[in-house]
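This report concerns one protein and the arrangement of its chain.

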Amino acid sequence: MTTAKVLVIGATGTVGSQVVKEFDRNKEGITIRLATSRAKAAEKWRIEGREAVVLDLNRPETFAKALEDVDRVFLLTGYTSDMLFQSKKLVDAAVDAGVGHIVHLGVFTSGRDLMPHFAWHDLIETYIRASGVAWTHLHPNVIADTSLKTDPPISETGFFTAFTKDLPQGWVCAADIAAVAAAVLREGPEKHGGADYWLSTEVLTGTEVADILTSASGKEIRCEVIDPSNFEDQVAGITDAGQRAYMESALITMKLTAAGQMTAQTTVVRDDVLTVLGRPGTKMAEWARLNLI
């Protein structure tokens, strides 16, 4: 039986590391190549018996070797405006390498959003569609793991922060995103090519999330609401232009959400975890039980 080689970009990140775990559980029909910008991480994986390459999204000269003999790519980029350059050059290199399927991790976009980084994802996905490579786009809403996993953990601090007043927000967990991504990469473009999958499992306010976390942990956890304008000076002081542009966009997102102007992201439940995996997405109560106890 022939196998497809899958390149996992961002394999050390919140979602990418979970994708690796999914493949450790089931890599039927595929072989995995892990990509990282850090040579030491790649060497550690090789010692563990994994196939690993150094791929630095800011250095397109690293792309060709990383993509050699690759059939499918899991593409995610960093939190910087450089994602536009990174993604275009990666897609170009994938075309040159004969890659057959790109699975892109984007955002829960309406296609008409006012935040720059949402528009950047829209542009990236348009470019992927025009590339001639089969594609699948994943659109997660707010990821519980990035918002609620803190150091020290909220079970110790007793609070988490929200920047959008006590308004509803759509949620999904990293493990579900990864499970969908892994299934799509395993099953390939014949089944998932040309599909947009939307991942917004449930809509909850900060107070509702706090109540769920309190019940799961057995400790009182509160939602501390912070006005987004408090971060304007901090964002303005970021010296890296790409990072500053991204964080300025994140600040716009916070302000629009607090003003009730993010209807698509704050009212919509669309659970394509069920579509892809045949089981519903993980609700906040289950996520809390798995991550806080």
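Asp-69 is located in the loop that joins helix 3 (63–67) to strand 4; helices (H or I, at least four residues) and strands (E, at least two) are DSSP runs, numbered from the N terminus. The model is a predicted one, in which local features need pLDDT of at least 70 and side-chain atom pairs count only at pLDDT 80 or more, while totals for chains, interfaces and linings use all residues. Residues are numbered from 1 along each chain as its sequence is written, and side-chain values use heavy atoms, with hydrogens and water left out.

Asp-69 has a phi near 70 degrees, a positive value in a residue other than glycine. Its relative accessibility is 54%, so Asp-69 counts as exposed (buried means under 20% relative accessible area, exposed over 50%, partly exposed in between, with a 1.4 Å probe and protein chains only). Pro-152 belongs to the loop between helix 6 (144–148) and helix 7 (154–157). Most residues other than glycine have a negative phi, and most peptide bonds are trans.

## Overall architecture

The protein contains 15 helices and 13 strands. Its radius of gyration is 19 Å, which agrees with the value near 19 Å for a compact globule of 293 residues; the radius is taken over C-alpha atoms, and the globule rule is 2.2 Å times the number of residues to the power 0.38. The C-alpha trace spans about 50 × 40 × 35 Å along its principal axes.

Among contacts with a separation of 6 or more, 77% are between residues 24 or more positions apart, where contact means heavy atoms within 4.5 Å.

## The nonpolar cores

The largest nonpolar core has 35 residues, of which Val-8, Val-15, Val-19, Phe-23, Phe-74 and Leu-138 touch the most other members. Such a core is a set of buried Ala, Val, Leu, Ile, Met, Phe, Trp, Tyr and Cys residues joined through side-chain atoms within 4.5 Å. Elements that each supply at least two residues of this core include strand 1 (4–8), helix 1 (16–25), strand 2 (30–36) and helix 8 (174–187). Helix 8 gives the most, with nine residues. Another core, of 25 residues, lies apart from this one and has Ile-9, Ala-35, Ala-66 and Ile-128 among its members.

Beyond its neighbours within four places in sequence, Phe-74 is in contact with residues including Val-8, Val-15, Val-19, Leu-138, Ala-181 and Leu-185. In helix 1, the buried residues are Gly-16, Gln-18, Val-19, Val-20, Glu-22 and Phe-23. They pack against strand 1, strand 2, strand 4 (72–75) and helix 8.

Thr-257 lies in helix 12 (residues 241–258) and counts as buried because its relative accessibility is 4%. Residues up to four places away in sequence aside, Thr-257 touches Thr-164, Leu-167, Gln-169, Met-262 and Thr-266.

Gly-281 occupies the loop between helix 14 and helix 15 (284–292) and, with a relative accessible area of 9%, is buried. With neighbours within four places in sequence left aside, the contacts of Gly-281 are Asp-176, Thr-201, Asp-271 and Val-273.
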